[in-house]
Amino acid sequence: MIARILCLCLAFAPFVHAASPSLVIIDAGHGGKDSGGTGHGLVEKSLTLDTARRLQNKLTQAGVRNVMLRTSDVFIDLDDRVAMANRFAQRDAVLVSIHFNAVSSGGPHGTETFFWRPDATALAARIQRNVARATGFTDIAINRRRLRLTRNPNLPAVLVEGAFMTNARDARKLAAPATREAIAEGITRGILEVRRHGETGIRRVPEIRSPLSRPSDPPDGGKRMRINY
Ligand SMILES: [Zn+2]
């Protein structure tokens, strides 16, 4: 579950091109007083932390350096997460934020990945494809969307919505540890693909000059743009 955000200010952050990430910053969404979404007995903040830990193990096993923004059930403001990630911006790092969707209807299901920066296109596409493949969840799309965690970091950033907790079938699968393991495996494979193949075969989206995303933005902003890949 992510905030919908828009802002008309005119601050631009420089784009840093990082085709082959040497460090992965893992962000387990929500935490502490912020439980995130819920559905069918699942609580988002717990699922994200569990999946993030699995991702950390897999990346470490694959020899990919990584750091987690939270390792326990604590609240960290989105802007603080961005500031923490930015400390690694000059080190060829990428940010992977893990979330799970919750909506008012039980219909929507599947995996989708959000990004904003052109230099995150390949990362989003390769992670999305591999998570859908590894889990069997429906491959919804990669969406370009100006969110605090996709627009504001000074490094390539993606936000993975692993599945819908509010869909009975997705939720039943998500409740199984093997499925969270498969999500972590898919994200790891996507990152390894970027290291091996970079942007080959994937068209980078054009740059859009845009203001930073802010918590005070009206809720109807941050429209999603579905990207073919
Ligand atoms: Zn969320």
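Helices (H or I, at least four residues) and strands (E, at least two) are DSSP runs, numbered from the N terminus. Residues are numbered from 1 along each chain as its sequence is written. This is a predicted model, where local features need pLDDT of at least 70, side-chain atom pairs count only at pLDDT 80 or more, and totals for chains, interfaces and linings use all residues.

**View 1. Helix α6 from end to end.** Helix α6 takes up residues 177-197. At 1.5 Å times one less than its number of residues, its 21 residues should span 30 Å, and the end C-alpha atoms agree, sitting 30 Å apart.

**View 2. Where α1 meets α6.** The axes of α1 and α6 (lines fitted to C-alpha atoms over the stretch in contact, with angles from 0 to 180 degrees between N-to-C directions) come within 8 Å and cross at roughly 50°. That makes α1 oblique to α6 (under 35 degrees is roughly parallel, over 145 roughly antiparallel, 65 to 115 roughly perpendicular, and the rest oblique). Contact here means C-beta atoms, placed from the backbone, within 7 Å. Among the residues that meet are Leu47 and Asp50 in α1, and Arg180 and Ile183 in α6.

**View 3. Pro118 in its loop.** Look for Pro118 in the loop between β6 (111-115) and α3 (121-135). Pro118 counts as partly exposed because it has 18 C-beta neighbours inside 10 Å (20 or more would be buried, 12 or fewer exposed, with C-beta atoms placed from the backbone). Val205 is 87 residues away along the chain, yet the C-alpha atoms of Pro118 and Val205 are separated by 5.0 Å.

Conventions: Two residues are in contact if their C-beta atoms, placed from the backbone, lie within 7 Å.
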